[in-house]
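Have a look at the fold first, then read on.

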Amino acid sequence: MIRLVLNGKTADSSELRESILALRKELSLDLQVRVTWEKGDALRFVTEAVHDGASQIVAAGGDGTLHEVANGLARIEQAHRPRLGIVPMGTANDFAKSCLFPTELDRVLRLAVTGVPAAIDLIKVNDLFFINVATSGFGAEVTASTPPELKRFLGGASYALMGVILSLNLQPHDGEMHLPGSTSHKGSILVGAVGNGRQAGGGVVLTPKAFLDDGLVDVLYVRQFPVSDLGQVLQELSSLPEEGKYVGYVQTPCFDFEHPHPIAVNLDGEPQQLQNGSVSVIPHALKIVMPDNCPLLVKNR
């Protein structure tokens with residue numbers, strides 16, 4: 001049995017309804033649909049699906065729906081965790097777009113229920129989980145304020161330039177990151193991103209070296225800097241040193257963090273307030289049906 005968890009905002013999609021009916025008939029699928037109404041529904045539907053013996057769950061919605069379904073699966077004992085299919089129907093669909101999921105609804109639904117799953121990592125932050133990217137220090141305005149001409153000219157690096165320009169108006173937050181061993185990174189941070197995937201905010205590439213199944217989490221941070229050193233910041237954003245004067249890029253299986261005060265953090269776009277704690281990779285925690293050419297899998301490196 002397959003349980004499809006559908007975001008209520010897209011429940012009136014006649015195209016999805018027709019695709020589901022066609023696949024049920026063609027493949028004799030026991031494909032059941034549950035529609036979310038409010039926050040927490042997807043989490044509950046995952047628990048119910050596992051209790052009912054579902055072999056697979058399909059998350060149909062945006063990044064928020066995928067985030068909630070993934071958190072539900074993370075709380076199921078791994079031996080009993082169903083595989084996960086994805087039907088991107090949100091506004092940004094950052095995870096799906098970066099993984100090159102088909103954009104045609106009938107194709108991506110067929111992939112979700114018949115494709116081959118890949119084991120990918122899950123990131124744990126204290127008692128929370130995320131599948132794609134966590135950010136602090138900036139939000140959707142990075143994407144919204146990036147002119148299309150600049151995106152075409154700079155490609156994936158456009159986030160860096162516009163993110164830095166916008167960061168001149170941000171209030172930095174003091175923070176410290178403790179890596180395994182004795183290495184620490186600290187300073188007054190303007191922008192921070194922790195990636196299992198690579199992009200957030202509607203196409204903003206934040207952690208370009210990340211892979212979903214490498215057992216590592218990628219961390220990008222930009223320290224506070226004077227305007228006179230903007231060129232240095234841009235150079236470091238281009239080269240991504242492990243620890244530059246202003247920019248750092250670290251790949252690690254885990255780290256601890258601490259801040260003097262709680263700071264706003266988005267986990268897969270979902271807002272949280274965090275102050276102290278730990279981040280760790282749970283290797284190969286989820287079996288997700290992925291496009292065979294997904295560039296975020298190690299086999300396609």
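Of the protein's 301 residues, 51% count as buried, meaning under 20% relative accessible area, with exposed set at over 50% and partly exposed in between (1.4 Å probe, protein chains only). Bear in mind that this is a predicted model, where local features need pLDDT of at least 70 and side-chain atom pairs count only at pLDDT 80 or more, while totals for chains, interfaces and linings use all residues. Residues are numbered from 1 along each chain as its sequence is written, and side-chain values use heavy atoms, with hydrogens and water left out.

**Overall build**
- You get nine helices and 15 strands, taken as DSSP runs numbered from the N terminus (helices H or I, at least four residues; strands E, at least two).
- Take the contacts (heavy atoms within 4.5 Å) between residues at least 6 apart in sequence: 71% of them join residues at least 24 apart.

**Cores**
- The largest nonpolar core runs to 50 residues, and Val69, Val87, Phe95, Ile131 and Met290 have the most contacts inside it; such a core is a set of buried Ala, Val, Leu, Ile, Met, Phe, Trp, Tyr and Cys residues joined through side-chain atoms within 4.5 Å.
- Helix H5 (residues 105–114) is the top contributor to this core, giving six residues.
- Leaving aside residues up to four places away in sequence, Phe95 touches Asp63, Leu66, Ile86, Ile120, Ile131, Asn132, Leu212 and Met290.
- Another core, of 20 residues, lies apart from that one and includes Phe130, Leu179, Val219 and Leu267.

**Strand S4**
- Strand S4 (residues 83–88) is largely enclosed by the rest of the structure, because five of its six residues are buried.
- S4 pairs with strand S3 (residues 56–61) in the parallel sense over six bridges; pairing takes at least two DSSP bridges between the strands.
- Ile86 in S4 is the bridge partner of Ala59.

**Cavities**
- Searching the whole structure turns up three cavities of 30 Å³ or more; a cavity is a set of points, on a 1 Å grid over the protein atoms alone, where a 1.4 Å probe fits but cannot get out, and lining residues have an atom within 4 Å of a point.
- The largest cavity has a volume of about 400 Å³, the volume being the space filled by probe spheres set on the points.
- Its lining has 27 residues, with Ser136, Val194, Phe255, Phe257 and His259 closest to the centre.
- S9 gives the most to that lining, with seven residues.

Conventions. 1 Å grid on protein atoms, 1.4 Å probe; cavity = no way out; pocket = protein on both sides within 12 Å on 5 of 7 lines; lining within 4 Å.
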